[in-house]
Amino acid sequence: QCNIPPQYTSGVTGASHTGMLLPSFIQSLNVSSDSAYIVVSTLDGVTVGSTCVSLSCLDDQGQTSLTIWGDDTFTTQIDGAQDGDTLNVQLVDALHLQDLSINSTGGALDLVFQTNGIAVFIGAVVQSSCYYDINVGCIDSSACNYNSEATSDDGSCIYINNSCDVCINGLVTDNDDDDD
């Protein structure tokens, strides 16, 4: 079971890296849905950028751009990529997720964040892929993350262990402030 990453929604951070997605790159994706998008994240899982790659989102030349946002240095929260971060690039095409290796004008290499950097994406190779099956999940109704739509158990059930714990939005939350 794969986890489909959402599109980037955090907003402008003040530092960015721009990717130009040329027609050759878009064509190498073999997109099949009209809701497909590229999502970029750090190795720590922080989503730092995304862009639509469906036919309806492309310009007249069949290309688009991608803004990868850097960390906002005015806050303590890590909300973007930092200089030198290696980035993951994934294609979300309906319920399919593909991990991509990017071919740029410098050849096939890791995408590394550089403030005010520019990358030209000319092609992509699928490194791995998975399919999100909406029928798989936790089927134990006593679990915190019970999925009433699941028909097959994936072993992901989580349960309340302590008397102070509560279940909020499918997650166990520790409400024992003083750890007694």
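Leaving aside its neighbours within four places in sequence, with which residues is Ile 139 in contact?

View 1. The structure shown is a predicted model, in which local features need pLDDT of at least 70 and side-chain atom pairs count only at pLDDT 80 or more, while totals for chains, interfaces and linings use all residues. Residues are numbered from 1 along each chain as its sequence is written, and side-chain values use heavy atoms, with hydrogens and water left out. Strands are DSSP runs (E, at least two residues), numbered from the N terminus. Beyond four places in sequence, Ile 139 is in contact (heavy atoms within 4.5 Å) with Tyr 146, Ala 150, Thr 151, Ser 152, Asp 153 and Cys 157. The C-alpha atoms of Ile 139 and Asp 153 lie 5.5 Å apart in space, although the two residues are 14 apart in sequence. Ile 139 is partly exposed because its relative accessible area is 40% (buried is under 20%, exposed over 50%, partly exposed in between; 1.4 Å probe, protein chains only).

**View 2. Asp 72 in the loop between β4 (64–69) and β5 (86–93).** With a relative accessible area of 15%, Asp 72 is buried. Residues up to four places away in sequence not counted, Asp 72 touches Thr 13, Gln 77 and Asp 79.

**View 3. Ala 94 in the loop between β5 and β6 (96–104).** Ala 94 is not a glycine, yet has a positive phi of about 60 degrees. Most residues other than glycine have a negative phi. The relative accessible area of Ala 94 is 41%, so this residue is partly exposed.

**View 4. Asn 116 in the loop between β8 (111–112) and β9 (118–131).** Phi of Asn 116 is positive, near 65 degrees. Asn 116 is exposed, with a relative accessible area of 65%.

Terms used: Helix = DSSP H or I, 4+ residues; strand = E, 2+ residues; numbered from the N terminus.
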